[in-house]
Amino acid sequence: MNKKPTYLTLKDHSVSGEEFQLKHNLELDMLETFPQPEVDKLSDYYESEDYISHTDTKRNLLEHVYHSIRKISLKRKLKLINSFNSESKNLLDIGCGTGDFLETALKSNWNITGVEPNAQARQIANSKTNNSVFEIEHLNKQELNSFDVITLWHVLEHLPNLEMHLALFKSLLKPSGTLVIAVPNFKSYDAEHYKNYWAAYDVPRHLWHFSRTSISKLYKREHLELVKTLPMIFDAYYVSLLSEKYKSGFMNPFKAFWVGFRSNQKAKQSKEYSSHIYILKSSNS
């Protein structure tokens, strides 16, 4: 078994203040949070009023920026899934938070199903989606090969038992279906700039930290082929804003904007954006 060297040592800036390491899986070119909390303890690390994807509040600059970006992102996400020309339009959104993407898809005549482990976020989501959002165990009740599109918007990095979940998503996808995954990229300029203050590491809630190589290799094992990679331009700015808060104690929007801008400019050459959307199709369809 290959030894996994320590890539960084950093702390949980938002909830516990505990220290964690990032171990570099050289075979997959992926970082792994160490130690990882026990599965039954993971929810403790989400117990914060500042955990933004579980609330619709707009109390400060960061939350206003988040919700402004989300409005634009929702339109882009809808345009993306509509481009797949799915006949039955069966959509599964995993880790759907407060349900805004599902609500947007519902208005565009998609047949929606969502799963969200957080009870508060799930209640908000169900108020927007005609009670179409369930606990994570609901995945085991779904018919195999039943979804045209499965989406995980910044969710894969949160899931324990990674390989088990990858196999489950493949089994729920129609042979002609599309899997859409958005995750941060630890090889981006903003990640290199902020190092252990980079907000998208978000340990220990983020258990895995992906590169473009790791996504391709992981899904090849499940006979899914990476067919397209898209940049998430806004993530560099939002992540830099939060990273500045961790690093200096305040958000420093001018500096954060500059780092985000530089990250996107450098990514035009390197293709290493702050976050990517990966589009995967069955390689045996």
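## Salt bridges, aromatic pairs and cores in a predicted model

K107 and E103 form a salt bridge, with their closest N and O atoms 3.9 Å apart; the term stands for a side-chain nitrogen of Lys or Arg within 4 Å of a carboxyl oxygen of Asp or Glu. Both residues belong to helix 2, four residues apart, which is about one turn of the helix. Helices (H or I, at least four residues) and strands (E, at least two) are DSSP runs, numbered from the N terminus. K107 is exposed, at 67% relative accessibility, while E103 is partly exposed, at 22%. Here buried means under 20% relative accessible area, exposed over 50%, and partly exposed in between (1.4 Å probe, protein chains only).

The model is predicted, so local features need pLDDT of at least 70 and side-chain atom pairs count only at pLDDT 80 or more, whereas totals for chains, interfaces and linings use all residues. Residues are numbered from 1 along each chain as its sequence is written, and side-chain values use heavy atoms, with hydrogens and water left out.

### Salt bridges

The structure holds 11 salt bridges. Three of them are set out below.

| Pair | N to O distance | Relative accessible area |
|---|---|---|
| K107 and E103 | 3.9 Å | K107 67%, E103 22% |
| K128 and D100 | 3.2 Å | K128 19%, D100 14% |
| E272 and R212 | 3.3 Å | E272 16%, R212 30% |

The side chains of K128 and D100 meet at 3.2 Å, N to O. This pair links distant parts of the chain, with K128 in helix 3 and D100 in helix 2, 28 residues apart. K128 is buried, and D100 is buried as well.

In the bridge between E272 and R212, the N to O distance is 3.3 Å. E272 lies in the loop between helix 8 (253-270) and strand 11, and R212 lies in helix 6, so the pair ties together parts 60 residues apart in sequence. E272 is buried, but R212 is partly exposed.

### Helix 3

Helix 3 spans residues 119-128, and its residues A121, R122, A125, N126 and K128 are buried. These residues lie on the same side of helix 3 because they cover an arc of only 155° around the axis, the arc being that of the directions from the helix axis to the C-beta atoms. Q123 and S127, on the other side of helix 3, are exposed. The buried residues pack against helix 2 (100-107) and strand 6 (133-134).

N118 caps the N-terminal end of helix 3, with a side-chain oxygen 3.2 Å from the backbone nitrogen of Q120. After helix 3 comes N130, which has a positive phi, near 55°.

### Aromatic pairs

Six aromatic pairs are found in a search of the whole structure. Rings of Phe, Tyr and Trp (its six-membered ring) pair if their centres lie within 6.5 Å; planes under 30 degrees apart count as stacked, over 60 as edge-to-face and the rest as tilted. F20 and Y45 are edge-to-face, because their ring centres are 6.4 Å apart and their planes are at 75°. F20 is in strand 2 (residues 19-25) and Y45 in the loop between strand 3 (30-34) and helix 1 (61-82), 25 residues apart. Both F20 and Y45 are buried.

The rings of F101 and W153 have centres 5.4 Å apart and planes at 80°, so this pair is also edge-to-face. With F101 in helix 2 and W153 in strand 7, the pair ties together parts that are 52 residues apart in sequence. F101 is buried at 5% relative accessibility, and W153 is buried at 10%.

### Nonpolar cores

A nonpolar core is a set of buried Ala, Val, Leu, Ile, Met, Phe, Trp, Tyr and Cys residues joined through side-chain atoms within 4.5 Å. The largest has 31 residues, and those with the most contacts inside it are I150, L152, L156, F169, L179, F210 and Y219. At least two residues of this core come from each of strand 4 (90-94), strand 7 (147-153), helix 4 (162-172), strand 8 (173-184), helix 6 (212-220) and strand 11 (275-282). Helix 4 supplies the largest share, five residues.

Leaving aside its neighbours within four places in sequence, Y219 is in contact with L156, L166, F169, L179, I181, L224 and L280, where contact means heavy atoms within 4.5 Å. Apart from this core lies another, of 20 residues, among them C96, L102, V149 and M232.

Technical notes:
Polar contact = N/O pair within 3.5 Å; in protein donor to acceptor, adjacent residues only side chain to side chain.
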